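These are my notebook entries on a structure I went through piece by piece. I kept the order in which I looked things up.

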Amino acid sequence: MIEQNLILILVLLPFIAAVVAATLPVNAHSAAAWMSGLSLVGGLAIMIALYEPISGGMTLRATQPWIPSLMLNLNFRVDGFAWLFVTLVLSIGILVVLYARYYLDKSDPVPRFYSFLMAFTGAMVGMLLSGNILMLAVFWELTSIISFLLIGYWYQNPAARDGARTALTITAGGGICLLASMLIIGQIAGSYNLDVVLASGAKIRDHWLYMPALILFLLGAFTKSAQFPFHFWLPGAMAAPTPVSSFLHSATMVKAGVFLLVRFFPVFGGTEAWFYLVTGTGMMTLLVGSTIALFRHDLKGLLAYSTISNLGLITALCGIGSTGAILAAIFHIVNHAVFKASLFMAAGIVDHEAGTRDMRKLSGLWKLMPFTGSLAIIASAAMAGVPLLNGFISKEMFFAEAADWHNGSWLDNALPWLATLAGALTVAYSLRFILSVFFGPKAEGLPKKPHEPIHWMRRPVELLVLICLLIGLFPGQTVEPVLNVAARSVLGSALPEAHIVIWHGFNTALQMSLIAMALGGALYYLFADKIAAGPEGPPLLHRIRAQRLYEMLMLKISWKYPRLLHKLLGTDKLQPQLRMIFMLGLATGVLVLGVALWNVPASRTTPLNPAFAVMWALGAACALGAAWQAKYHRFASLILLGGAGLITCVTFAWFSAPDLAVTQLLVEVVTTVLLLLGLRWLPKRNEEIIEDQTLAARARRTRDLIVAILSGAGLAAMAYFIMTRPLTPNIGDWFLRNAYYEGGGTNVVNVILVDFRAFDTFGEITVLCIVGLTVFALLRRFRPSSDSAGKPEQQRQKDDIALRDYLFVPSVIMRWMYPVLILMACYLFFRGHDLPGGGFSAAVTFSIALLLQYMASNVRWIEMRITILPIRWMGFGLLIAGASGMGAFLFGYPFLTAHARYVDIPFIGDVPMATAMIFDAGVVGAVVGSVVLMLIAIAHQSLRSARLREQEEAATEEKEAQ
Amino acid sequence: MEIILSLAIGILAGSGMWLMMRPRTFQVITGLCLMSYAVNIFIFAMGRLTVGQPPIMPKGGFVNPQIYADPVPQALVLTAIVISFATTALFLVVMIASRGVTGTDHVDGSERK
């Protein structure tokens, strides 16, 4: 149990640290570093505590329920291999944090850096410990995304932005392939649990989907591990700060790919396809990487390609897949992480102190920085595979596997030769790194004068180099037990104990090593000057850059083709879009419903009432008239629209929906006023436009008319068929039966709105408030078009006396109506729970009362007498509605549970007093607020432009006076 | 009655759609209003037509849901009426603001070339 919790803490710790780091002040260098470092140390302590059960061959598991109803749990598992990897990640992480503390400049925003670094560690640890392959894919993508943020840390630098984007595109693309592969093998194995999947290797290999799953899996692993031909993102990612490079490209990011190859070897491995694809790609990457590394002039570039080649080596070992090879792969993962992290840090120190990373400029630094120099020399000797260092042993094991393991294929026969050649190249570029930077004449013209760094910046490198030496000198005492545990957890507990020793006798592997060293030395000796004088890359090959090809491809698929498609299929214009939507709707309606509805016999009709037919003849005329007149006679069209609305309202009343009728009637009034206010800001259009009479315009109108008629007819037919079919019993029956007992009201529609489905209503009034605020915000910056900015025509012709008595009689009546309408609103509100009415209609009635006052008098007069604060109405309305809902918490009920009872009030009688009424009061507040806000905001525009006009007139008068 | 109401829905929707495909913003806004009438009646009609039986219950006692109008479409349409007012207001404001910015009342912000 304690282990379970420890594992969960281990996964969570870096993420918590990331959140905390993000909240630190920008210049809190030490605090952020301490906090991050200590959280990693905590993780490492957990790993040490877990070592005992793990070393006994146990696999520890921790499960955290997530969505139990879907059987989704967060599964974590730690076995020897995962243990080794997590320990490696955390240890290097600690050193990187220490190094970064002194590497980052004072002006760099550190919270962002440490926050990303910790989040990345968390994602990596989560990936390594995932016990569910889908979760693994999720953490995998998370590492891609956070590495994007880390690589682009100096986002002001274009190279960093490009590098980050390329890395994300490649690795996240691979991540999608991995996810697809995980889905396939999960389906084959019948479970997404890693334990089950690992145990169903044979089943998966025999399945006909093995090849697609394998290829997708390898795409995921190869893109992450920068295998040829996806290797080019890694050098681009070198634009990141050096601590990031040394973390991502030694122990974490790129190692995730080879981790996956080793982890899933029991699932996919051992087949011929596996050998050719994995070993082939690995060897190719090894050769290409080490060749290019030799020709790079940039220190970090050399290390980047060297990383690629080392990853190729590990991949090749995974492809061979013998027990020795897997052991060697795991061993080399550790070794490479150790020496490469230290080399990156050393390169960072050189860059930091000398101001350049160009090996053609750097020279003779050993005299100026002897300690750093010595450390870098030992680390690169480990990289080259010099005896008594850790790199030597794992490289020996690689040579041994290349030479001793056979399956008789051409690739197998070529392996020893290719391996030796790659070894020689490795020796050559390691020599170049050491000799050109630290030896030779003293460098001239460096941007800074190099000197030893602060000793704390060197500590991590010292420690790593010490580990290189310890592993190299005493492999049996240091890494052997851990490696055996790790290998057993991958390949099965029956594995015999492997012994790792320095001296195997003068065997083939040693001969290969010696040849490689001699050849590498000779290569460098012969070509050093030519390489330094040559271009950045191998001869001829430097012209073919994978990066270029990638960029060309990206340009095509992210810019050229989308534009082409858009030109062919897309449009910016509203009209074709709407037409397309209507036509699609029509087609769908015909296809889906046309067939289905004929099959149910008609059973229900209501006897025809001639008055209804006459009424809708009028309604249809109104609708058609509104459509006909909307272009040249807007006012007429608006009146006709109102007519159609009124008939809609009568229809609701006719068919037993009094609530709808009331609301529709009131909203109709408000909408008409609103549109009337809007008419003032539209351009004059009373002359016939010539272009409208052209043939093309007529054709367009005819086409739209046909679409509209067909769609209207379709909708009519659909409505008819549904209305004449019997009503299947539905949830409405439940509402009808229980409205009184459960909701305490007899008006079922109102009870649904404020009680049964109150949460929907709550959402709806929120939307209304948002719209109100949007309208308000849009109008604050509103500038009317110049031709509508002046006085309206009607005001221009009349003199002041005529304007004063404008609408005199109606305005008196409107003022009188104010209290009457408020009383009416109250009446509608209080009867709402039992009889037609309710919060919405009460609110709109109240808004109309206010609007009438605005229409009756001028705005200034009215606002001197009544203060309306619509935004407060909205705010308090929402608060009341929310609070009445949360009141239910006090009694232990869920949100918006209502309580209902009747209260006997003297002289009035039984009044329904449900808590839902408080909610309804909130609805009133929100609706009044937003309706009034919208209308007043539009009405105020006239006032504002009048004020602007007055100011302008005053200004011109002043000018004239002068 | 059903045939009249479905024709009404068809005519409202057809006029609305024709207007929505027109180039002037006021036409589109009128079209949206007509369309919202059509859609509201359509949704309402999904509860079938019932004359003279509004969903107002007696206080207690047995309730036979068959004889009352279906309250669910009514509740849906009630909120839809208020929301369609809000969208109309929003569109109106966008329309006059866009006219202020572009100087034209064409839906695409520029006259057809």
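How much area is buried between chain B and chain A, and what percentage of it do carbon and sulfur atoms give? I noted first that the model is predicted, and then I looked up the buried area between the two chains, which comes to about 9,100 Å², with carbon and sulfur atoms giving 76% of it.

**Entry: the two chains**

I took the chains one at a time before returning to their contact. Chain A has 962 residues, of which 53% count as buried, and its secondary structure consists of 40 helices and four strands. Among the contacts in chain A with a separation of 6 or more, I found that 79% are between residues 24 or more positions apart.

Chain B has 113 residues, and 65% of them count as buried. I read three helices and zero strands in chain B, in the order α-α-α along the sequence. For chain B, 54% of the contacts between residues at least 6 apart in sequence join residues at least 24 apart.

**Entry: the interface**

I then went back to where the chains meet, a contact that takes 108 residues from chain A and 86 residues from chain B. I looked for salt bridges between chain B and chain A and the count is two; one of them joins the side chains of B:Arg22 and A:Asp704, at 2.2 Å from N to O. Polar contacts across the interface of chain B and chain A come to 17 residue pairs, with both residues at pLDDT 80 or more.

Which helices of chain B each supply at least two residues of the side that touches chain A? I listed helix H1 (2–20), helix H2 (25–45) and helix H3 (71–102) of chain B, and the largest share of that side, 23 residues, comes from H3(B). Sorting the side of chain B that touches chain A by class, I have 55 nonpolar, 21 polar and 10 charged residues.

**Entry: the nonpolar cores**

I turned next to the nonpolar cores, and the largest has 199 residues, with A:Leu129, A:Phe217, A:Leu261, A:Phe264, A:Phe268 and A:Trp274 having the most contacts inside it. Helix H16 (residues 323–354) of chain A gives the largest share of this core, 21 residues. A second, separate core has 137 residues, and I noted A:Ile722, A:Ile848, A:Leu933 and B:Tyr68 among them.

Leaving aside neighbours within four places in sequence, A:Leu261 is in contact with A:Phe217, A:Leu218, A:Ala221, A:Phe222, A:Trp274, A:Val278, A:Thr315 and A:Cys318.

A:His336 lies in helix H16 of chain A, and I found A:His336 to be buried, with a relative accessible area of 0%. Beyond four places in sequence, the residues in contact with A:His336 are A:His249, A:Ser250, A:Lys255, A:Thr307, A:Asn310 and A:Ala341.

A:Ser322 sits in the loop between helix H15 (299–320) and H16 of chain A. Is A:Ser322 buried or exposed? At 16% relative accessibility A:Ser322 counts as buried, because the cut-off is under 20%. Not counting residues up to four places away in sequence, A:Ser322 touches A:Glu401 and A:Trp405.

I placed A:Ser637 in helix H27 (residues 634–654) of chain A, where A:Ser637 is buried with a relative accessible area of 0%. Apart from neighbours within four places in sequence, A:Ser637 is in contact with A:Ala626, A:Gln629 and A:Ala630, and also with B:Phe26 and B:Thr30. I also noted that the C-alpha atoms of A:Ser637 and A:Gly625, 12 residues apart along the chain, are separated by 6.8 Å.

**Entry: backbone geometry**

Most residues other than glycine have a negative phi, and most peptide bonds are trans, so I listed the exceptions. A cis peptide bond joins A:Phe228 and A:Pro229, with omega about 5 degrees, and A:Pro229 lies in the loop between helix H9 (210–224) and helix H10 (233–236) of chain A.

A:Leu388, not a glycine, has a positive phi of about 75 degrees; A:Leu388 lies in the loop between helix H17 (370–384) and helix H18 (390–404) of chain A and is partly exposed, with a relative accessible area of 45%. A:Ser656 likewise has a positive phi, of about 60 degrees, and lies in the loop between H27 and helix H28 (658–679) of chain A, but A:Ser656 is buried, with a relative accessible area of 2%.

Methods. Residues numbered from 1 in each chain as written. Chains lettered and ligands numbered in written order. Predicted model: local features only at pLDDT ≥ 70, side-chain atom pairs only at ≥ 80, totals over all residues. Heavy atoms only, no water. Core = buried A, V, L, I, M, F, W, Y, C linked by side-chain atoms within 4.5 Å. Buried < 20%, exposed > 50% of the residue type's maximum accessible area, 1.4 Å probe, protein only. Contact = heavy atoms within 4.5 Å. Buried area = accessible area lost by both parts, 1.4 Å probe. Salt bridge = Lys/Arg side-chain N within 4 Å of Asp/Glu carboxyl O. Polar contact = N/O pair within 3.5 Å; in protein donor to acceptor, adjacent residues only side chain to side chain. Nonpolar A, V, L, I, M, F, W, Y, C, P; charged D, E, K, R; others polar.
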